[in-house]
Amino acid sequence: MTDTALLDELTTCETAVWQALVDGSVAADMAALHDSFLGVYPTGFADKAAHAGQLADGPTIAAFDLSDLRAMRLGSQHALLSYLARFRRPDGPEEQMYVSSIWMRDKGGWRNVFSQDTPAG
């Protein structure tokens with residue numbers, strides 16, 4: 001797989017996570033995350049259940065745009081995707097975060113095992 005192909009695959013996977021937040025889809029969010037998922041956010045740590053649990057009351061994101069995407073191989077079954085996310089929560093102003101996500105490939109495809117969000121200055 002070329003680096004462009006890796007970037008395309010991971011971008012598709014990452015976009016699915018964001019789209020689950022827009023759709024309020026717990027099932028889609030859970031499907032994208034590995035059972036051992038760890039999120040590191042300005043508000044603290046989150047496991048898979050906590051990440052999906054944020055959707056209990058419906059969508060948490062109204063719109064999003066991912067840009068400046070970069071992919072890096074971390075071995076034969078792991079890769080890192082980093083990018084700038086511009087997004088808006090329902091009834092909220094636009095926010096920006098730099099995001100780094102580690103993805104692991106298993107027999108079911110790519111699963112997100114780690115994500116860290118850093119507020120953009």
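How accessible is Arg 88: buried, exposed or partly exposed? Partly exposed, with a relative accessibility of 36%. Some notes on the rest follow.

1. Ground rules. We are looking at a predicted model, where local features need pLDDT of at least 70, side-chain atom pairs count only at pLDDT 80 or more, and totals for chains, interfaces and linings use all residues. Residues are numbered from 1 along each chain as its sequence is written, and side-chain values use heavy atoms, with hydrogens and water left out.

2. Back to Arg 88. This residue sits in strand β4; helices (H or I, at least four residues) and strands (E, at least two) are DSSP runs, numbered from the N terminus. For accessibility, buried means under 20% relative accessible area, exposed over 50%, and partly exposed in between (1.4 Å probe, protein chains only). Setting aside neighbours within four places in sequence, Arg 88 has contacts (heavy atoms within 4.5 Å) with Ile 61, Ala 62, Ala 63, Pro 93 and Glu 94. Glu 14 is 74 residues from Arg 88 in sequence, and their C-alpha atoms are 17 Å apart.

3. Salt bridges. The whole structure has five of them, taking a salt bridge as a side-chain nitrogen of Lys or Arg within 4 Å of a carboxyl oxygen of Asp or Glu. One of them joins Asp 35 and Lys 48, at 2.9 Å from N to O. This pair links distant parts of the chain, with Asp 35 in strand β1 (residues 33-41) and Lys 48 in helix α3 (residues 48-53), 13 residues apart. Asp 35 is exposed at 67%, whereas Lys 48 is buried at 13%.

4. Two further bridges. Arg 70 pairs with Asp 68 at 3.1 Å, N to O; Arg 70 is exposed at 51% and Asp 68 partly exposed at 46%. Arg 89 and Glu 95 also meet in a salt bridge, at 2.9 Å. Here Glu 95 is partly exposed at 25%, and so is Arg 89 at 33%.

5. The core. A nonpolar core is a set of buried Ala, Val, Leu, Ile, Met, Phe, Trp, Tyr and Cys residues joined through side-chain atoms within 4.5 Å. The largest one holds 19 residues, and those with the most contacts inside it are Leu 10, Trp 18, Tyr 83, Ala 85, Phe 87, Trp 103 and Trp 110. Two or more residues each come from α1 (3-23), β4 (78-88) and β5 (94-106), with α1 giving the largest share, six residues. Beyond four places in sequence, Ala 85 touches Trp 18, Asp 65, Leu 66, Glu 95, Gln 96, Met 97 and Val 99.

6. The largest pocket. Its volume is about 470 Å³. On a 1 Å grid over the protein atoms alone, a pocket is an open set of points where a 1.4 Å probe fits, with protein on both sides within 12 Å along at least five of seven lines; lining residues have an atom within 4 Å of a point. The volume is the space filled by probe spheres set on the points, which are joined across faces, edges and corners.

7. What lines that pocket. There are 25 lining residues, and Leu 21, Tyr 41, His 51, Gln 54 and Asp 117 are the closest to the centre. α1 gives the most, four residues, and among the other elements supplying at least two are β2 (44-47) and β6 (109-119). The lining divides into 14 nonpolar, eight polar and three charged residues, where Ala, Val, Leu, Ile, Met, Phe, Trp, Tyr, Cys and Pro count as nonpolar, Asp, Glu, Lys and Arg as charged, and the others, Gly among them, as polar.
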